[in-house]
Structures are given as structure tokens and as C-alpha cells.
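Please open the structure below in your viewer and keep the selection tool at hand. The tour goes from one selection to the next and says what is there.

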Amino acid sequence: MEPSTARNMYAELKARMSHSGSQEDRCGEAWYVGSLMVFQDLAFHIITQPLKKKKKKKRKRKKKKKKRNRKKWKKKSTANNNNNKKKKKKKKKKKKKKMKRKKRKKRKKKKCTANNNNNKKKKKKKKKKKKKMMKRKKKKCTANNNNNKKKKKKKKKKKRKQKKKKRKKKKRKRKKKKKKKRKRKKKSTANNNNNNRGQKRKTRGNLQQNLKMDDKPSNENEDASNLAGHIVMEAIQANIISEIQGIRSDMKKELGETVGLLKKELVDFRLEVNQKLNSIGSDLKEVTGRVEETERRVAEMEEWSTEAKQVLSHVLELQENTQAQLTELEARSRRNNIRIHGIAEGAEGDNMEEFLEKFITTELSPLNTTLGLQRCHRSLGPKPPQGSNPRSIVVCFQEYKTKELVLRSAWKKKEIHHGGKRVFFEQDYPPEILRKRKAFSTIRKALKEKGLRFQTLYPAKLRVFFDDGPAIYNNASEAREDLRKRGMDSLDVEVPERGTLATRMKQLSWEIAGGTSRRHREARLMHIQEKLKGFRHRSDTTQELPNVTD
């Protein structure tokens, strides 16, 4: 409600009271008097509201002004700091330029001076003097710096104390101003309240005077008017109480309905959550069962794979041993054989034995013994085309001594020719030993270039005679490494030899940490032998596997 409307209502009521003529009308209009007082209180409340709004606006304006002032002060401080930084940079640049000029002058002096030795001595003396002077200056400077630092600290403390005092004074002034404002506001509000009360009293007094001036009622009429006023006020109170009770009952009903709905929703939510949790639990049980099955199967597969690898590695070891035995037997069977390279195809004619006996007796030194050739032929294979290297001739002697005698006599002579081509005598080795010996070919060439003496030993070893003493190498890779350490970097880089299948299987397979006992190994070997028996054919079940030891 606005203050203008309240004032209009007050004026209308006052006019009615003044124009009413009879006493009955005046008694009936007592209710209007009470309502007039209520409207007057409302008008006072409505008039004070805009004053409060104005005060709030003033406070907001003051806060904005303070913020603006703070921003301006910060900008000024930042500008001063930037200017100081620029001045410091300029000073540093000037100092650097001066130092550069001094250094240039010193360099020019160094170039122009003669007798550098004398100058150096002088410089050393000067440096010593400078060091002494610098030490003395440093001691003085340190003392002065310490005094200066103490003075600066004292000055800073004084400044801080002064600032604190100023701040406290400002706070006190602000508090005093606020107290004064509050007192003024209280006085103004009290004066307004007193004025309003005085106006109310005046209105009541004026109404009573008007009633007396028009007609002096009797005591009975006054009692009736007072009763009517009390009755009106009681009726208003009863209406207000009934309305409050109705509002209270409505609120209780609404709250009851909302609480009931919330309870139903919570119950439904609990049921849904329990159902979902039950379904999740069942799914987890199924998943755990499947995981356990997969783990069991994986464990079985791992055990089987380890056993299979052990069996396979054992079989490969047996195969390597048998292969080594076979190569040894083959080498022993070829002990009485010789290979001759460089004789052209068809030079032997129809009879190979006669041709070889004539060739060996004529080319080599006279032999006191008979050759005793058991067998001689070309190496197995197709006949090569014209212009290509001929096939080697394999010669088998009856006795080992004659074979060695022929070889030594051929190696002593060194160069033997037939048909304008050089002929070579060599021992007959199996193909595996030849492959191992061929790996030393690049090393032999390098040793020949260096002039070092070497010797190839049986089956595939290299002996090199150094100044320190002879060295024997079992593999080509071992020889390369040692020769490179000795300074022979001209050797060709080759791919390292891969190990056998058995060694590779051991590298790939898992082993127990810390090793195993002898009993455990024997039991494992027995287990492997039993498994290998299962793989054999039925006809071979009666035979037993050979006993294998580590």
C-alpha cells in the first residue's frame, strides 16, 4: 500500500465523522475510528520504507567509491615500480658498456707490450697486491654492509609502526563517524515516532472535542460506544484466529500428503535397488565360476607345455649326441682318404688308378713304399660344363701311413702342376666339419696379410702363433673377438652363429630358481623316458630307452 492511498482513506474517515449528525450514527461509526488508527499505523510503516531504501543506496555508492580509489592507487604503484625497473636496466647497460671498454683497452695493452716474461711477473705482483687490497676492502665493506643492513631494518620497523598508527587513527575516526551517524539516525527516528504519536493523540482529541461540541451525550451513550468498540475488536480478533487455524489445518494436510508420497517413493526405490543388487550378485557368481575354470585350464596347459618342452629338449639333446657320434664315425671312415683338386675332367682316361700312380710317383719325391690304392673316383655329382672348375678326385689308400706320407710330401713341395694348372692335396672331411672350417676363411686371409703363422686343428679349431705365445680358438666368433682386441679391425662383420635347437629351447623354457637336486633330476628323466615310451610304436615297446645322465 502506498502512503498517498493511506492518507486519502484517513481523510475520508475524518470527513464522515465530522458530517455525521445523530448519536446512533456516531456510535455505529466507532468501528471506523478503530480502523482509522490501524490505517494510520500502516501509513507510518509505508512512509519509513523508502527512507530505508535510500540509505541502502547510499551505502552501495560509498562501497563503489572505495573500490575505485583502491584501483587508482594500485595503478599508480604499478606505474612507479615499472619506472624504477626501467631505470635499473639502464644503469646495468651502462655498467656493461664501461666494462667492455676497459677490457678492450687491456687487450690492446697486452698486444703492444714487449718482454712478456717481465710483464707477467709484474702482473703477478699486481694481482697479489690487488688481492690483498680486495680482502681489506671486503672486510670493511662487510662491516659497513652489516651496519647498513641494521640501519635499514630499523628504518623499516619505524615505517611499519608509523603505518600501523595511521591505520589505527583512520579506523578510530571511521568508528566515531559511524557512531555519530547512528546517533543522528536514532534521534531522527525518535523524533518521527514522537511526532506520529502526537498526531495520533491530536486526532483522538479532535474527535472527542467534535463530539462534545456537537452534542453533549449522556453517560449511557458513552458506555454504549465503548462496548461497541470492544465488540468490534473482539470480532476482528476472532476472525483472525479462525483464519490462522484454517491455514494451520491446510498446512498439516498438505504436509501429510507430501510425506506419504515421499515414503512411497522411498519404498519403491529400495525395492528397485535390491532387485538390481541381487541381479549383480548372480552375475558376479557366474563370472567368478568362469574365471576359476579358465585359471584351472590355463594351469593345466602351462604344466603340459613345460613337460612338452622338457621332453622336446631332451630329445634334441639325444639327437645332437647321436649326430656328433655319426660325424665322428664318418670322419673315422674317411681317415685313409685324400681329395685332389685341380685335375681337368677327362685327363685320367679310362683307368683312374694307373693315372694317379703315374702322377703321384712322377710329381712327388720318390716313395720307397707302394701306394696300395684301394679305390679312386671323382666326387659324386653331375659333370660340370666346359670352362668351370673340375670335380675333385677321392683316393682311398689301404694303409694310413702311405696316405700321410703322400700328403706330407705334397705339402713339402707346395706347388704341383698338371696341364698348366695348380693341383691341391687335402684330407677328406665330412660336410659338417668342412662347414665349421670354412667359417675361419676370412680370419685366415687377415692372418696371411699380417704375416702371422697359423694352423687348423682337427676337427675345427684354429691355432695362431703370436709373439706372446700360441692361442687356440674353438669357434670363429671367439677368434674374431680376440683378434679385434689385439688390434685387427679389418675383419669382416658377420652374423653370429645361432645356437642349437636344444640350447634355444632351454633359453625359452622356464626354470626353477635356485636349481634342482640330483634326485629331482633323476626323477624328471625317468618321467621323460616313460613319456617317450608312449610315443613309440607297438613293435618297439619291448626295447628300453638308454639311461641318460646330466
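Select helix 7, residues 400–413, in this predicted model. With 14 residues at 1.5 Å a residue, helix 7 should span 20 Å.

Which residues of helix 7 are buried? They are Thr 402, Lys 403, Glu 404, Val 406, Leu 407, Ser 409 and Ala 410. Then step just past helix 7 to Lys 414, where phi is positive, at about 70 degrees.

Next, select Glu 345 and Arg 378. Their side chains form a salt bridge, with N and O 4.0 Å apart. This pair links distant parts of the chain, 33 residues apart. Glu 345 sits in the loop between strand 1 (337–341) and helix 6 (352–363), while Arg 378 belongs to strand 2 (residues 373–378).

Now pick Glu 330, Arg 334, Arg 339 and Asp 428 together. Salt bridges with shared partners join these four residues into one network. Across the whole structure, a search finds 12 salt bridges. Side chains of opposite charge can pair when their charged atoms come close.

Move to helix 5, residues 219–333, and select Arg 296 and Glu 300. A salt bridge joins their side chains, at 3.3 Å from N to O. Why is about one helical turn the separation between Glu 300 and Arg 296? The two are four residues apart in helix 5, which means a separation of about one helical turn. Glu 300 is partly exposed at 45% relative accessibility, and Arg 296 is partly exposed with a relative accessible area of 44%.

Further along, select Glu 328 and Arg 332. These two also form a salt bridge, their closest N and O atoms lying 3.4 Å apart. Both belong to helix 5, and four residues, about one turn of the helix, lie between their positions. Arg 332 has a relative accessible area of 47% and is partly exposed; Glu 328, at 41%, is partly exposed as well.

Go on to strand 6 (residues 453–457) and strand 7 (residues 461–465). The two strands run antiparallel and are joined by five bridges. A hairpin of three residues connects strand 6 to strand 7. Click on Arg 453 to find Phe 465 of strand 7 standing opposite.

Last, colour the chain by pLDDT. The protein chain has a mean of 76, and 71% of its residues reach 70 or more. Where is confidence lowest, and where is it highest? The lowest mean, 47, is in helix 2 (residues 23–28), and the highest, 95, is in strand 3. For residues 19–24 the pLDDT is below 50, and this stretch has seven contacts in the model beyond near neighbours in sequence. Finish at residues 537–550, where pLDDT stays under 50 and the model has 15 contacts beyond four places in sequence.

Technical notes
Residues numbered from 1 in each chain as written. Predicted model: local features only at pLDDT ≥ 70, side-chain atom pairs only at ≥ 80, totals over all residues. Heavy atoms only, no water. Buried < 20%, exposed > 50% of the residue type's maximum accessible area, 1.4 Å probe, protein only. Expected span 1.5 Å × (residues − 1). pLDDT = per-residue confidence, 0-100. Contact = heavy atoms within 4.5 Å. Pairing = 2+ DSSP bridges.
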